[in-house]
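This report describes the fold of a single protein chain and then examines selected residues. The sequence and the model are shown first.

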Amino acid sequence: MAIKLNVIVCSTRPGRIGLPVARWFESAVKKDSRFEPRFVDLAEINLPIYDEPRHPAMQQYEHAHTKAWSEIVKSADAYAFVMPEYNYFPSASLINALTYVFKEWNYKAAGLVSYGGVSGGMRAVQAEKLMMTNFKIMPLPEQVLIPNFPQHLDAEKRFTPNELHDTSAKAMLDELARWAAALKTMRQA
Ligand SMILES: Cc1cc2nc3c(=O)[nH]c(=O)nc-3n(C[C@H](O)[C@H](O)[C@H](O)COP(=O)(O)O)c2cc1C
């Protein structure tokens with residue numbers, strides 16, 4: 001059975017670059033028969049700032065938006081977070097979306113696709129990994145890093161990957177497939 005991979009667009013601002021980058025990554029996943037991608041756009045999901053009265057681990061959700069988000073997170077075997085760097089940090093939209101649920105993230109691997117200026121979002125990725133481990137998410141060392149991203153946008157603002165982006169996406173998917181198979185057994189235990 002194919003690995004269900006949620007490709008999550010983490011930036012929500014109008015005109016975001018995250019969308020074309022995520023579309024490129026999704027197209028790479030679609031070419032790989034080991035995976036079944038699901039495109040998840042945090043702008044469309046539109047979660048308010050965390051507003052549940054109870055700790056997410058209790059899974060006693062009051063709001064329809066949390067129940068819907070819980071289903072989306074739960075449906076995946078693994079994740080690819082397509083994330084910007086804001087102020088050397090992950091975007092508030094990503095931190096908020098992670099905060100909403102807990103068990104739904106547990107024992108799943110995540111690939112991080114980041115972009116930015118000279119750092120390619122690396123500082124945000126390093127900070128994000130700390131938080132992800134609290135959710136028992138395994139963030140892979142195999143990343144896709146896109147420094148100086150404007151160089152890779154065409155006139156229509158489509159993302160045009162170079163060879164390194166393509167090979168790192170492939171390396172990430174290879175590792176995601178291995179981890180997804182191993183962690184499935186932990187979720188069944
Ligand atoms: C609030 C804000 C903070 C930013 N901080 C950083 C930063 O720390 N490092 C960086 O490389 N780029 C930074 N940038 C520039 C972003 O890399 C660039 O705007 C990128 O397009 C953001 O991703 P998005 O278009 O998907 O929202 C920042 C942009 C915004 C809007």
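Two residues are said to be in contact when heavy atoms lie within 4.5 Å. By this criterion, residues 24 or more positions apart account for 79% of the contacts in the protein chain with a separation of 6 or more. The model is a predicted one, in which local features need pLDDT of at least 70 and side-chain atom pairs count only at pLDDT 80 or more, whereas totals for chains, interfaces and linings use all residues. Residues are numbered from 1 along each chain as its sequence is written, and side-chain values use heavy atoms, with hydrogens and water left out.

**Overall fold**

The protein chain contains six helices and six strands; helices (H or I, at least four residues) and strands (E, at least two) are DSSP runs numbered from the N terminus. Their order from the N terminus is β-α-β-α-α-β-α-β-α-β-β-α. The C-alpha trace spans about 45 × 35 × 25 Å along its principal axes. For 189 residues, a compact globule would have a radius of gyration near 16 Å, and the protein chain agrees with its 16 Å. That radius is taken over C-alpha atoms, and the globule rule is 2.2 Å times the number of residues to the power 0.38.

Of the 189 residues, 49% are buried; buried means under 20% relative accessible area, exposed over 50%, and partly exposed in between (1.4 Å probe, protein chains only).

The protein chain carries 22 positive and 20 negative side chains, and the centres of the two sets lie 3 Å apart. Lys and Arg count as positive and Asp and Glu as negative, while His and the chain ends are not counted. Each charge is placed at NZ of Lys, CZ of Arg, CG of Asp or CD of Glu.

**Helix H4 and Ser 93**

Helix H4 covers residues 92-100 and includes Ser 93. The buried residues of H4 are Ser 93, Leu 94, Asn 96, Ala 97, Leu 98 and Tyr 100. Among the elements covering them are helix H2 (42-45), helix H3 (64-74) and strand E3 (78-83). Beyond its neighbours within four places in sequence, Ser 93 is in contact with Cys 10, Ser 11, Thr 12 and Leu 42.

| Side chain | Partner | Distance |
|---|---|---|
| Ser 93 | side chain of Ser 91 | 2.9 Å |
| Ser 70 | side chain of Glu 104 | 2.8 Å |

Ser 70 lies in helix H3 and counts as buried because its relative accessibility is 7%. Leaving out residues up to four places away in sequence, Ser 70 touches Tyr 61, Val 101 and Glu 104.

**Positive phi values in loops**

Most residues other than glycine have a negative phi. Asn 46, in the loop between H2 and H3, has a positive phi near 55 degrees. Asn 46 counts as exposed because its relative accessibility is 57%. Tyr 88, in the loop between E3 and H4, is not a glycine and has a positive phi of about 65 degrees. Tyr 88 is exposed, with a relative accessible area of 55%.

Methods:
A polar contact is a pair of N or O atoms within 3.5 Å; within protein, one must be able to donate a hydrogen and the other to accept it, and residues adjacent in sequence count only if both atoms are side-chain atoms.
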